Amino acid sequence: MRIKGKAYINTIGCQMNVYDSEKLAGILNAYGYEKTKDVDTADLVLCNTCSIRHKAEEKAFSFLGRFAREKKRRPGLITIMAGCVAQQEGEKAFGRLPHLDIVLGTQAFARLGTHLDALAAGKRRIVDTAESDVIFEAMPDETAFDETAISKFVTIMQGCENFCTYCVVPYTRGRERSRNHAAIVEEITRLSESGIKEVTLLGQNVNSYGVKDGDISFPELLEKVSRVEGIQRIRFATSHPKDLSQELIEAMRDIDKVCNHLHLPVQSGANAVLKKMNRGYTRETYLARIADLKAACPDMALSTDIIVGFPSETQADFQDTMDLLRTVEFDSIFAFAYSDRSSAPAAKFPNQLPEAVKMARLNQLLTLQETYTEKKNQALIGRDVKVLVEGESAKQREGFDHTDMKQMFGRSETNKIVHFPSNQAVIGDLVTIRIENAYPHSLWGQVSGS
Ligand code: 5AD
Ligand code: SF4
């Protein structure tokens with residue numbers, strides 16, 4: 001096929017967007033575009049956007065805004081806004097970005113080629129935000145494939161129907177749809193054949209995988225994926241606390257390849273706030289699930305998402321969240337200041353908090369968590385952890401006394417970065433490392449086996 005030019009893709013937002021961008025790269029490649037990392041020489045620029053918080057949305061507008069002048073100089077340059085902001089804004093995107101060529105919603109990716117044809121035929125300002133119940137099974141994306149990659153995301157379901165009151169996802173990604181399990185297993189088999197050792201199964205609420213569509217359950221899917229030869233580790237995100245089943249806890253305990261790490265977003269430790277968020281569980285039921293999990297899998301690492309400064313969150317509510325952190329002792333957290341999203345119901349809730357209050361609470365929360373992150377890492381000193389080698393460390397450790405050896409890094413099952421000296425270990429190896437030093441965000445050790 002004749003090469004039409006070079007395509008630059010900028011991905012903002014969640015892991016699902018990383019997966020989607022690889023599919024978009026595959027479509028563009030099949031259409032005749034080569035991928036480039038140099039935005040200045042690109043003939044097509046696509047931004048895969050996120051609208052979860054105001055900041056992410058602004059990033060997309062400012063990135064795409066940069067091409068207004070460039071397009072005057074090079075009218076042939078194609079600019080595309082794809083993903084969640086595109087879905088949310090539709091036609092309105094042209095208000096701030098009059099030079100855009102295509103606004104491609106979250107369920108319109110499969111039609112990108114048709115839209116590029118229309119553009120070539122003279123059509124301008126194309127918008128496609130049509131919703132679709134069909135899961136988009138894109139073509140394999142060999143070109144986006146990075147030979148050094150050992151880990152990949154695989155989206156197993158799209159959309160969300162939980163309707164948390166702060167969240168745009170049900171509006172940007174549509175109703176919940178699960179992919180057929182055979183297609184997922186086939187995709188993972190192909191990834192394994194290309195050298196991938198670890199997959200992360202993605203969905204807004206993986207625990208309800210297959211429930212609506214009558215396909216197999218999520219624990220059954222884990223079992224099937226674990227039988228794919230060559231895949232050594234399976235991760236998944238995100239699980240909703242309200243339907244974290246005993247069956248899933250048991251699958252995590254029993255299937256070796258499933259990593260000892262669960263990301264279970266709690267969002268708040270205060271029942272009044274959880275209710276207003278429409279989360280469908282209480283602080284007590286969340287803690288009960290954590291207790292079940294710890295009983296079944298004592299070494300399980302836990303992480304969570306927290307929003308501070310939700311409308312009408314009181315100081316006492318915030319202290320309940322701080323207290324929940326002390327009770328659970330998470331290995332790590334992702335914490336956010338509440339960001340008002342006009343399409344989400346909470347935007348109309350009374351008692352929105354001042355930015356300064358949100359930021360002060362966010363800082364307090366992060367400071368408290370630091371102590372637990374470090375404590376969890378310190379507890380690993382002297383222990384052996386299995387590490388999947390990802391590459392050579394970018395930075396040498398201060399006082400590193402193995403100057404004759406390469407300094408490598410990888411990830412533990414519990415999702416912690418581990419550095420170690422070795423001239424033998426290569427990317428994709430599973431090695432056992434005895435931890436010697438622990439810092440807030442990294443662990444250091446020596447090879448003790450493989
Ligand atoms: N403001 C702040 N954080 C949000 N999240 C989702 N919506 C918002 C919002 N409006 C956070 C939640 C979610 C994570 C992916 O992003 O914590 O789990
Ligand atoms: Fe952002 Fe949510 Fe869309 Fe992912 S699904 S890109 S987090 S808005």
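What is the order of the strands in the open sheet of three strands? I began with this question and read the order as S12-S13-S14, with parallel pairing. I note at the outset that the model is a predicted one.

**Entry 1: the sheet**

I looked up which strands sit at the edges. They are strand S12 (261-263) and S14, and each of them pairs on one side only. I then checked the angle between neighbours in this sheet: on average, neighbouring strands are turned by 10° against each other, with direction ignored. For the pair S12 and S13, I found three bridges in the parallel sense. I followed one residue across: His-263 has Ser-303 in S13 as its bridge partner.

**Entry 2: ligand 1**

Strand S13 (301-308) and strand S14 (332-337) each give at least two residues to the shell around ligand 1. I listed the residues around this ligand; among them are Ile-52, Arg-53, Asp-305, Ile-307, Phe-336, Ala-337 and Arg-341. By class, I get six nonpolar, two polar and three charged residues in the shell.

Which residues have a polar backbone atom 3.0 Å or 2.8 Å from a nitrogen atom of ligand 1? I found Tyr-166 at 3.0 Å and Ser-339 at 2.8 Å. I also looked at the side chain of Gln-267, where an N or O atom is 2.7 Å from an oxygen atom of the ligand. I then noted the cover: ligand 1 has 400 Å² of accessible area on its own, and the protein covers 87% of that.

**Entry 3: backbone points**

I looked up two places in the backbone. A cis peptide bond joins Ala-237 and Thr-238, with omega at about 5°. I placed Thr-238 in the loop between strand S11 (233-237) and helix H10 (246-254).

The other place is Arg-125, which is not a glycine and yet has a positive phi of about 45°. I located Arg-125 in the loop between helix H6 (112-120) and strand S6 (126-128).

Technical notes: Residues numbered from 1 in each chain as written. Chains lettered and ligands numbered in written order. Predicted model: local features only at pLDDT ≥ 70, side-chain atom pairs only at ≥ 80, totals over all residues. Heavy atoms only, no water. Near = heavy atom within 4 Å. Polar contact = N/O pair within 3.5 Å; in protein donor to acceptor, adjacent residues only side chain to side chain. Areas by Shrake-Rupley, 256 points an atom, 1.4 Å probe, with all protein chains shown as cover. Helix = DSSP H or I, 4+ residues; strand = E, 2+ residues; numbered from the N terminus. Nonpolar A, V, L, I, M, F, W, Y, C, P; charged D, E, K, R; others polar. Pairing = 2+ DSSP bridges. Axes fitted to C-alpha atoms, helices over the stretch in contact; angles between N-to-C directions.
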